[in-house]
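Have the view open as you read along.

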There are 2 protein chains.
Amino acid sequence: MKRALVTGGAGFLGSHLCERLLKDGYRVVALDSLYTGSRENIAHLAGDANFEFAEGDVIGMDKMDLGDFDEVYNLACPASPVHYQARPMYTTDTCIFGMKNCLAVAERCGAKLLHASTSEIYGDPLVHPQTEKYWGNVNTIGIRSCYDEGKRIAETIASDHARLLGTDVRMVRIFNTYGPRMHPQDGRVVSNFIMQALRGEDITVYGNGSQTRSFQYASDLIEAMRRYMELPKETVAAFVAKHSLGAPVVNTGNPGEYTIRQLAEEVLRQIPESKSKIVEKPLPGDDPKKRKPDIALAGELLGGWKPAVPLREGLAATIEYFRGRK
Amino acid sequence: MKRALVTGGAGFLGSHLCERLLKDGYRVVALDSLYTGSRENIAHLAGDANFEFAEGDVIGMDKMDLGDFDEVYNLACPASPVHYQARPMYTTDTCIFGMKNCLAVAERCGAKLLHASTSEIYGDPLVHPQTEKYWGNVNTIGIRSCYDEGKRIAETIASDHARLLGTDVRMVRIFNTYGPRMHPQDGRVVSNFIMQALRGEDITVYGNGSQTRSFQYASDLIEAMRRYMELPKETVAAFVAKHSLGAPVVNTGNPGEYTIRQLAEEVLRQIPESKSKIVEKPLPGDDPKKRKPDIALAGELLGGWKPAVPLREGLAATIEYFRGRK
């Protein structure tokens, strides 16, 4: 029976990954500091004899004995601005030491390591859509830098380990993803709109709501991660060489674009009892510009992978989850 | 008597800074791992009762007791591609832990901290000249990333400490700098050309030599550093606010541009006995594109500072230094 370690395993995405790994027949250890993750996210897995939760911080994982693993998934990091900006130095440390500690486990065990990077490494991109060869447009000294630059240096550390030590690293750059178990207070547009609609509060759209976003449903990302991890190391290496990527990185996201107003309208359509109205507020200066993934490489590498869950369907499942939490 | 700590104090720039601080009446502790620095660089300071050399790595400085300081200068890091690419993970660690350890000393002592950042944080810039507000164009997963991204995350860590803890950090982004005590094997164009000319070897110019570079003489940089450190914290903070910089960063460099061929010709003019000829070789794919500093902010902040040493004069002193080392 294969053993997998999932850091951030009690978080939004981590909990979905644990669930999937258990279904795929793995013995799973979920490590989580519970800073943004929660026991509730994994409560339904507690009865599974193949699941183990270890409360602990990935920053100090080098001092824990979690056993040996065949696969390591590094998902631990506060990922929404409201959380990572509350503790910027902790966020950077999580990126750096989380990466180093996962590499150490992978190197000790000869395990595969999948690292969850992010579209934030592209910053405020000057080209659209973003391919893996785009180097990004990121401020080193702003209030978002703790996360953006932290995630960037984690990629650097991982790729140097892969290059010099032959560590079997695979990286996904994750674009905007939503689904059940999103943190209700993460301040992002999907959770904001749903919570506002469920509470009957005004749905606030900034500007006229014509700016676009793309939304990947959680299960589509998890499917990409699992396919990526199933590939032999040689296949990944050949792919990196063929495309002169420098290191194994692929984008995962949903390239379908919706306007913010379309999202708000769909949320209201799916919550017919809501008394909420869509109201416009002035666009703030730091409103993130659009980002849109180019997922051609993920499709080629991952056996034709592409997002399968339409926004309407994903929103329905997410709203269902949030109904108990308004 | 004020006490200063200089990390990388036995390096090219660090040794010049130590010399200057002693002249300015400081008690100076130079910390250096001697990976690229050397005892020879500071041999002439050994007799000074106010100078102390501590052999040690900035990565482990938190385990050393070096005493208390009024000013900390963080110059420790391999800075030429030949050195930092030989030990990429060490280079990244130097950037991260060097910064953290210097911040800890500054915070414990209430000291001022000047951090030596670099024009490499701009990467392969898409705008010329580079101002401090340019965010850069840097690859996260290439063979230069260990240095470029390491230096970027160091800026991030320093600015978060300044913002959250009020640490008195000042940062300079140093553009191409040359002078006596450059490492003869650092593989950079000034040391390459001088060593080739002194040995009577061909001077290799890539392409037709029409690409331009800018060259700052070491003493001009040291003058900028000292002026920067003399400013009251409030003056620096007001300047950052006035220019919406986000953190105290200023470029230092010499905006005067020379073609590579002009540099080669000037080196040969100053070494009349040389039998070297200028030969052209094909331009390699990774040849760094031009970088040119915008130094308007440094001029405004540092009392009209600008580079004072012309290339001809700086080269003469550098050639004099290299003559004993061919």
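The notes below go from the sheet to a helix lying across it, and then to a pair of helices.

Please keep in mind that this is a predicted model. In chain B, seven strands build an open sheet, and their order is S3-S2-S1-S4-S5-S6-S11 with parallel pairing. The sheet ends at S3(B) and S11(B), the edge strands, each of which pairs on one side only. From one strand to the next, the twist averages 20°.

Look now at S4(B) and S5(B), which pair in the parallel sense over four bridges. Asn74(B) stands opposite His115(B) of S5(B). Helix H5(B), residues 145-165, lies across S5, S6 and S11 of chain B. The angle at which H5(B) runs to S5(B) is about 155°.

| S3(B) | 51-55 |
| S11(B) | 249-252 |

Next comes the helix pair. How do H1(B) and H7(B) pack? H1(B), residues 12-23, packs with H7(B), residues 218-230, at an angle of about 55°, and their axes are 10 Å apart. The two helices are therefore oblique to each other, and their crossing is right-handed. On the H1(B) side, the contact involves Leu13(B), His16(B), Leu17(B) and Arg20(B). These meet residues of H7(B), including Leu221(B), Ile222(B), Met225(B) and Arg226(B). By class, the contact of H1(B) with H7(B) has six nonpolar, two polar and two charged residues.

How values were computed: Residues numbered from 1 in each chain as written. Chains lettered and ligands numbered in written order. Predicted model: local features only at pLDDT ≥ 70, side-chain atom pairs only at ≥ 80, totals over all residues. Axes fitted to C-alpha atoms, helices over the stretch in contact; angles between N-to-C directions. Parallel < 35°, antiparallel > 145°, perpendicular 65-115°, else oblique. Left-handed = near helix turned anticlockwise from the far one by under 90°. Contact = placed C-beta atoms within 7 Å. Nonpolar A, V, L, I, M, F, W, Y, C, P; charged D, E, K, R; others polar. Pairing = 2+ DSSP bridges.
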